[in-house]
Amino acid sequence: MRILTRYILKNFFESFFLGFTIFTFIIILTSQLYQVIKWLVEGVYGFWEVIKYLVFISPMYLNYVLPLSVVFGVVGSVGKLSANFEITAVNSYGISSIEIFKKLFIIVLFISCLHFFVNEFIANKYISKALDMYYSASKEIRGSVMNFSFSWDGKKSISYVFAREYVGDLGLMKDVFIVEKDKLSKYVVRTINSSFAKKKESNIWLLYNVVIYDYVEKKRIFVDSIEYKFELDNNDNGRQRKMHREEVNFLQLLKMAKEYENSGFADLAFEMYVKIHLKFIFPFSSIFLLFLVFPFSLSKVRVSSFLGIVLSVSVAIAYYILITFVQILTTKTGVIWFLWLPNFVSIFLGGIFIFLKNKNLV
């Protein structure tokens with residue numbers, strides 16, 4: 001059994017690392033080639049800075065490269081053993097195909113756990129550096145800004161907006177204070193205090209828990225919420241970049257979700273919980289894909305590397321299309337467990353086919 005385990009490991013990792021190299025090169029090349037060439041031509045970054053950027057940005061694609069590599073490793077190794085009738089020989093000694101599946105499952109589980117750990121506690125730091133370089137080239141600021149302030153020039157007045165924190169990707173401000181000055185007289189005509197401000201449309205914000213002081217009529221007004229207009233997107237100091245999901249770990253997302261729940265922002269809390277679930281779904285998708293591809297790898301037809309790539313990409317594309325669909329379904333219905341539907345389907349269908357293959361019924 002130890003010899004068999006080593007043999008399976010050797011064949012799997014040979015195909016796995018080949019797939020990892022191929023898919024990393026293809027995905028990064030197709031997604032970043034235009035941008036890095038543009039930087040080099042325009043002189044924004046030099047050659048070594050571009051290389052550094054590519055190294056920093058590469059962990060962002062682990063959610064796609066690693067599952068694809070696992071599928072390629074399974075198809076390449078099991079397909080080779082099956083085509084050479086080595087699995088038939090192993091079965092004749094009383095070792096079932098399910099035993100081989102169990103060994104691969106342990107390997108893929110280890111890869112998935114390592115993938116999750118790297119994503120949450122290592123890769124996010126490098127991804128953040130890469131995105132800082134990207135948006136620095138665009139003259140944009142980081143997404144979450146403390147002690148944020150800017151001014152907006154309206155038709156009759158100038159608004160000075162101050163916020164304890166501005167989270168650009170969520171369109172949210174905390175502890176907002178607005179001062180309005182009349183353009184002609186230069187006097188303060190109104191001040192507005194708000195606990196939270198949430199972006200509704202491109203230039204329309206909803207202010208909550210509002211206290212308005214009118215200096216003209218000398219009166220104070222308390223309201224639950226009001227709409228307020230200012231063109232933040234056209235203000236150079238307000239240009240923000242969105243924080244990518246992979247820049248923060250699931251613990252930080254959980255903390256943000258609790259804060260939004262306590263503040264009454266159920267929709268933002270739900271958005272955070274969706275991101276938390278995806279934090280687990282993507283790294284462990286390798287396990288669910290294993291259930292799908294293993295039974296189809298038990299073929300007596302020799303599987304070439306090209307066919308392995310085609311099968312790997314086809315299965316992964318179908319899986320990720322289904323994940324995209326259930327994300328939309330989750331947003332529409334508010335049922336967060338729909339996110340796990342592709343994985344339950346993968347385990348159910350894969351389990352049936354593995355059982356039937358083991359019994360030689362298909």
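User: Which residue just after α1 takes a positive phi, and of about what value?

Analyst: This is a predicted model. In it, helix α1 covers residues 2-42. Just after α1 comes Gly43, and its phi is positive, at about 75°. The residue asked for is Gly43, with a phi of about 75°.

User: How far apart are the end C-alpha atoms of helix α1, and what span should its 41 residues have?

Analyst: At 1.5 Å a residue, the 41 residues of α1 should span 60 Å. The distance between its end C-alpha atoms agrees with that expectation. This distance is 57 Å.

User: Are α1 and α2 roughly parallel or roughly antiparallel to each other?

Analyst: Two packed helices are described by the angle between their axes and the distance between the axes. For α1 and α2 (residues 47-57), the axes are 11 Å apart and the angle is about 155°. Angles over 145 degrees count as roughly antiparallel. The two helices α1 and α2 are therefore roughly antiparallel.

User: Which residues of α2 does α1 meet, and how many residues of this contact are nonpolar?

Analyst: From α1, the residues Ile28, Gln32, Val36, Trp39 and Leu40 take part. They meet Phe47, Val50, Tyr53, Leu54 and Ile57 in α2. The contact has no charged residues and 1 polar residue, and its nonpolar residues number 9.

User: Is α6 roughly parallel or roughly antiparallel to α7?

Analyst: Helix α6 (residues 250-262) packs against helix α7 (residues 266-281) with axes 8 Å apart and an angle of about 160°. Since angles over 145 degrees count as roughly antiparallel, α6 and α7 are roughly antiparallel.

User: How many residues in the contact of α6 with α7 are charged?

Analyst: On α6 the contact includes Lys258 and Glu261, and on α7 it includes Lys275 and Lys279. The residues divide into 12 nonpolar and no polar, and the charged ones number 4.

User: Is the crossing of α5 and α8 left-handed or right-handed?

Analyst: Helix α5 (residues 97-137) and helix α8 (residues 285-297) pack at about 155°, with their axes 9 Å apart. Among the residues in contact are Phe101 and Phe105 of α5 and Phe291 and Phe294 of α8. The contact divides into 10 nonpolar, 3 polar and no charged residues. The crossing of α5 and α8 is right-handed.

Key:
Residues are numbered from 1 along each chain as its sequence is written. This is a predicted model: local features need pLDDT of at least 70, side-chain atom pairs count only at pLDDT 80 or more; totals for chains, interfaces and linings use all residues. Side-chain values use heavy atoms; hydrogens and water are left out. Helices (H or I, at least four residues) and strands (E, at least two) are DSSP runs, numbered from the N terminus. The expected span of a helix is 1.5 Å times one less than its number of residues. Axes are lines fitted to C-alpha atoms, for helices over the stretch in contact, and angles run from 0 to 180 degrees between N-to-C directions. Angles under 35 degrees count as roughly parallel, over 145 as roughly antiparallel, 65 to 115 as roughly perpendicular and the rest as oblique. Contact means heavy atoms within 4.5 Å. Ala, Val, Leu, Ile, Met, Phe, Trp, Tyr, Cys and Pro count as nonpolar, Asp, Glu, Lys and Arg as charged, and the others, Gly among them, as polar. A crossing is left-handed if the near helix is turned anticlockwise from the far one by less than a right angle, and right-handed if clockwise.
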